[in-house]
Amino acid sequence: MLDNQLNNTTGCMKAAAMSSEDSRSPVAIAIQAAFMLIIILSSLVGNTLIVLAMYRNISLRSITSVFIANLAMADFLLALLGMPFTMASSITYDWVFGKVWCTINGMFNSIFCIASMLSLAAVSIDRYVAIIKPLQYPLIMTSRLAFCMISYVWFHAIILSFLPVFGWSTYIYIANESICTANWGLDIPYTLFIFASSFFAPFMVMAYCYYHILRAARRQSKTIVPRVGELKDETLQTMVAVPVAFGTEKGKVSDPPSSAADKAKEREAKEKFNRETRAAKTLLIVMGTFFFCWAPHFIGMICLLFPSCNWPDAFFATTTWLAMLNSGCNPIIYGVMNKKFRQNFKDILMCRKRTNRNYSHREMSSSS
């Protein structure tokens, strides 16, 4: 009985997805296709610029940059292997590439979207360690740990994308979204699992990390003076000031260092903390963009679990396009907010000769 109901539900959903009539005007179709083309081009060009900038300039290479490069790669592959078929389907209002490729394309969409979301969480963890535990950062965030984190991101994404292939839900073409994706209304546990592991968990990780980062920045700027320890040159990129007050002795507050050298170190420490904070704020904007782009899509997923959900097709189409827009937003944010990336983008676009631009220590810590 249950199997028959399940099959009937699946058949109805597939029929609704495949046989919907296109009521759009030619102008609406053209606008929709143009918007998708802009998303694709911005994702391809922007994420390519990020990777090229890191390749051309050695000062952009750090542990943080590894996570950003991984994020750029996931967004680039989504724009290359997933979005063009969505754009074509938005024009034809039908899937003309066959059932097998619908499944493969649905897997691609799942892999790269999940990898992108988890990569954003990995970046937030890296920035959390750099600012909350600056002296331990080089010991904690090693190349080996970064490799393990990135490996987990892709392992997690690939495993989840294969679940519908092995029978937990299925991939179908949804006409009103012009995309091959999982049948969110078919299996409640599957949809809730994807929601929890691919959106809710990464968002909570980012929220936790950035909350503590911004709280530390606010505390540092208002009430405490950084203590300057013996920082080696090779760790300046990841070191930030340690927030403590000047030492006290027998209830008396000692005077701050009076020598010019100590004052210079204090200023440098403050500047390093401020630069790391600005980098974290940039990533906070990335997180806000992530929530703005992805939250409506997952709300729509949850809505499909309830038979009474009768939201208009335009809502589901809009949420899908917003989710894809996120892949084109990240490189724009980096290019606008980060001086080093912005300068390297200009060098690449103007075909300037490759140089390993030597940034001052003042600029080194601004990499995000």
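A cavity is here a set of points, on a 1 Å grid over the protein atoms alone, where a 1.4 Å probe fits but cannot get out, and its lining residues have an atom within 4 Å of a point. Grid points are joined across faces, edges and corners, and a volume is the space filled by probe spheres set on the points.

The structure is a predicted model, in which local features need pLDDT of at least 70 and side-chain atom pairs count only at pLDDT 80 or more, while totals for chains, interfaces and linings use all residues. Residues are numbered from 1 along each chain as its sequence is written, and side-chain values use heavy atoms, with hydrogens and water left out.

**Overall architecture**

The protein chain has 12 helices and 6 strands; these are DSSP runs numbered from the N terminus, with helices (H or I) of at least four residues and strands (E) of at least two. Of its 368 residues, 48% are buried, where buried means under 20% relative accessible area, exposed over 50% and partly exposed in between (1.4 Å probe, protein chains only). Contact means heavy atoms within 4.5 Å. Among contacts with a separation of 6 or more, 77% join residues 24 or more positions apart.

Rolling a probe the size of a water molecule over the atoms shows where empty space is left. The count comes to 4 cavities of 30 Å³ or more. The largest cavity holds about 250 Å³ of space. Its lining comprises 22 residues, and Asn-109, Cys-113, Thr-181, Trp-184 and His-297 lie nearest its centre. Two or more lining residues come from each of α5 (99–132), α7 (143–162), β2 (179–182), α8 (188–223), α9 (260–303) and α10 (313–337). Helix α5 gives the most, with 6 residues. By class, the lining has 15 nonpolar, 7 polar and no charged residues; Ala, Val, Leu, Ile, Met, Phe, Trp, Tyr, Cys and Pro count as nonpolar, Asp, Glu, Lys and Arg as charged, and the others, Gly among them, as polar.

**Helix α7**

Buried positions in α7 are Ala-146, Met-149, Ile-150, Val-153, Trp-154, His-156, Ala-157, Leu-160 and Ser-161. Seen down the axis of α7, these buried residues fall within an arc of 150 degrees, so they line one face of the helix; the arc is that of the directions from the helix axis to the C-beta atoms. On the other side of α7, Arg-144, Phe-147 and Phe-155 are exposed.

**Individual buried residues**

| Residue | Location | Relative accessible area |
|---|---|---|
| Asp-126 | helix α5 | 0% |
| Ser-65 | helix α3 (63–81) | 2% |
| Ser-169 | loop between α7 and β1 (171–174) | 5% |
| Tyr-93 | loop between α4 (83–92) and α5 | 14% |

Leaving aside neighbours within four places in sequence, Asp-126 is in contact with Ile-63, Thr-64, Phe-67, Tyr-137 and Met-141. Ser-65 and Val-51 are 14 residues apart in sequence, and their C-alpha atoms are 9.3 Å apart in space.

Most residues other than glycine have a negative phi. Tyr-93, which is not a glycine, has a positive phi of about 55 degrees. Ser-169, also a residue other than glycine, has a positive phi near 75 degrees.

Methods
1 Å grid on protein atoms, 1.4 Å probe; cavity = no way out; pocket = protein on both sides within 12 Å on 5 of 7 lines; lining within 4 Å.
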